[in-house]
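Please look over the sequence and the structure shown here before reading on.

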Amino acid sequence: MESIITLAALKVVGYGLGTCGPGIGIGLACYGCCVGTARQPELAGRLFTDFIIGAALAEALALIGFVLTFIF
Amino acid sequence: MSPLEMLTTPGENGMNLLDELRHSFDSQFVISFGGTGLTQYILWMLITATLTVVVVLVGARKDSLIPTNKFAHTIEFLYHNICGDMGTSAIGKGYQRHMTLIATFFFFILVSNFVGLIPGCKTPTGSLSVTWALSTVSFFYFNYQGIKARGGWGYIKSIAPAGLPVVMVPIIWFFELISLVLRWLTLAVRLYGNMFAGHMVLGIFSLMTYVFVAGAIQQMNLILGLPAIAWMALLIVMYALETLVAFLQAYVFAVLSASYVGLATSEH
């Protein structure tokens, strides 16, 4: 029982560590999207689509971490 | 018994409240015949699919040149919006062929996410099997379209971006291949993770509200019930956030499917 609790806790900690990088990355992407939209509002739609694609690429890492908590 | 002890004390069936909440997210057969059956998620998926077809078809039937019907106009507005956002800016030329699938994804996921927000209903996208099926359809569709547009060998070559130095091509190609296959996983897990985690948070907040209200009633002590107000307020705020997430995840799934199709078919 003791070791199961430790493993579960480690999973959560590992997932938390795994989200740090993608969190910063998505934040930067959102920053770029906002600044770009403020400078050129007519490109808003295009910028938002590109932002979603970039965020999806960064988010992939966090999602892999989420899946690993199920696997192990 | 203090409110927080109620959370971890086992009930008659040996499960405490948190276990029961966790258990309610597991797939269980609601209708079973023989060894097989329908889990609650699949049942709600069938209901949602029917609902989507009815909503969109009624919207299309009532559609007219001068919009008079608010409901039909809403559906038309959504469809035009996704045609603009996902068609013209993510896929590009010749996007009309792909809009049937992309719009189906959008409306189906939108309706199923919103159905899950109604208390007592289950969201089909809260199950990994359903989102996995959706992402499989999307994955095979964009690969098929890519092979159709460029031919088999041309599609395999196009995985690495053009204009690289010759030495770098195999390495970059390998990494791009990994990221291509990971799209299959990420499309499914993003939708599932967002819906599952959101509903789990809502469940825990309502559980906390219940525990404090029940504790206050049991001990006839109003002061003890005060935290329930804060939990209830948090629950309402999270519910509003979940409504946003429900729309956003449908949008993200559709826009990513569209951009993958666009990446696979566009001329470089």
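## The two chains

The secondary structure of chain A amounts to two helices and zero strands. This description rests on a predicted model, and every value that follows was computed from that model. For chain A the radius of gyration is 17 Å, whereas a compact globule of 72 residues would have one near 11 Å. Of the 72 residues of this chain, 12% count as buried, and among its contacts between residues at least 6 apart in sequence, 71% join residues that are at least 24 apart.

Chain B, by contrast, has nine helices and two strands, and when these are read along the sequence they follow the pattern α-α-β-β-α-α-α-α-α-α-α. The radius of gyration of chain B is 23 Å, well over the 18 Å that the globule rule gives for 268 residues, so chain B is more spread out than a compact globule. In chain B, 29% of the 268 residues count as buried, and of the contacts between residues at least 6 apart in sequence, 62% join residues at least 24 apart.

## Where the chains touch

Where chain A and chain B meet, eleven residues of chain A are in contact with 14 residues of chain B. Sorted by class, the side of chain A that touches chain B is made up of seven nonpolar, two polar and two charged residues.

## The largest nonpolar core

The largest nonpolar core holds 43 residues, and those that touch the most other members are B:Phe106, B:Phe253 and B:Ala254. At least two residues of this core are supplied by each of several helices, among them helix H2 (44-71) of chain A and, from chain B, helix H3 (40-61), helix H8 (169-219) and helix H9 (226-265). The largest share, eleven residues, comes from H9(B). Once its neighbours within four places in sequence are left aside, B:Phe253 is in contact with B:Phe105, B:Ile109, B:Leu187 and B:Leu191.

## A pair of packed helices

Two packed helices are described by the angle between their axes and the distance between the axes. H8(B) and H9(B) pack at an angle of about 170 degrees, and their axes lie 9 Å apart. Angles over 145 degrees count as roughly antiparallel, and H8(B) and H9(B) are therefore roughly antiparallel to each other. By class, the contact of H8(B) with H9(B) has 21 nonpolar, five polar and two charged residues.

## A lysine in a loop

One further residue of chain B can be followed in some detail. B:Lys122 has its place in the loop between H5 and H6 of chain B. Why does B:Lys122 count as buried? A residue is buried if 20 or more other C-beta atoms lie within 10 Å of its own, and B:Lys122 counts as buried because it has 25 C-beta neighbours inside 10 Å. Leaving aside its neighbours within four places in sequence, B:Lys122 is in contact with B:Gln40, B:Tyr41, B:Trp44 and B:Gly116. Between B:Lys122 and B:Phe212 there are 25 Å in space, C-alpha to C-alpha, and the two residues are 90 residues apart in sequence.

Notes: Residues are numbered from 1 along each chain as its sequence is written. Chains are lettered from A and ligands numbered from 1 in the order in which they are written. This is a predicted model: local features need pLDDT of at least 70, side-chain atom pairs count only at pLDDT 80 or more; totals for chains, interfaces and linings use all residues. Two residues are in contact if their C-beta atoms, placed from the backbone, lie within 7 Å. Ala, Val, Leu, Ile, Met, Phe, Trp, Tyr, Cys and Pro count as nonpolar, Asp, Glu, Lys and Arg as charged, and the others, Gly among them, as polar. A nonpolar core is a set of buried Ala, Val, Leu, Ile, Met, Phe, Trp, Tyr and Cys residues joined through C-beta atoms within 7 Å. Helices (H or I, at least four residues) and strands (E, at least two) are DSSP runs, numbered from the N terminus. Axes are lines fitted to C-alpha atoms, for helices over the stretch in contact, and angles run from 0 to 180 degrees between N-to-C directions. Angles under 35 degrees count as roughly parallel, over 145 as roughly antiparallel, 65 to 115 as roughly perpendicular and the rest as oblique. The radius of gyration is taken over C-alpha atoms; the globule rule is 2.2 Å times the number of residues to the power 0.38.
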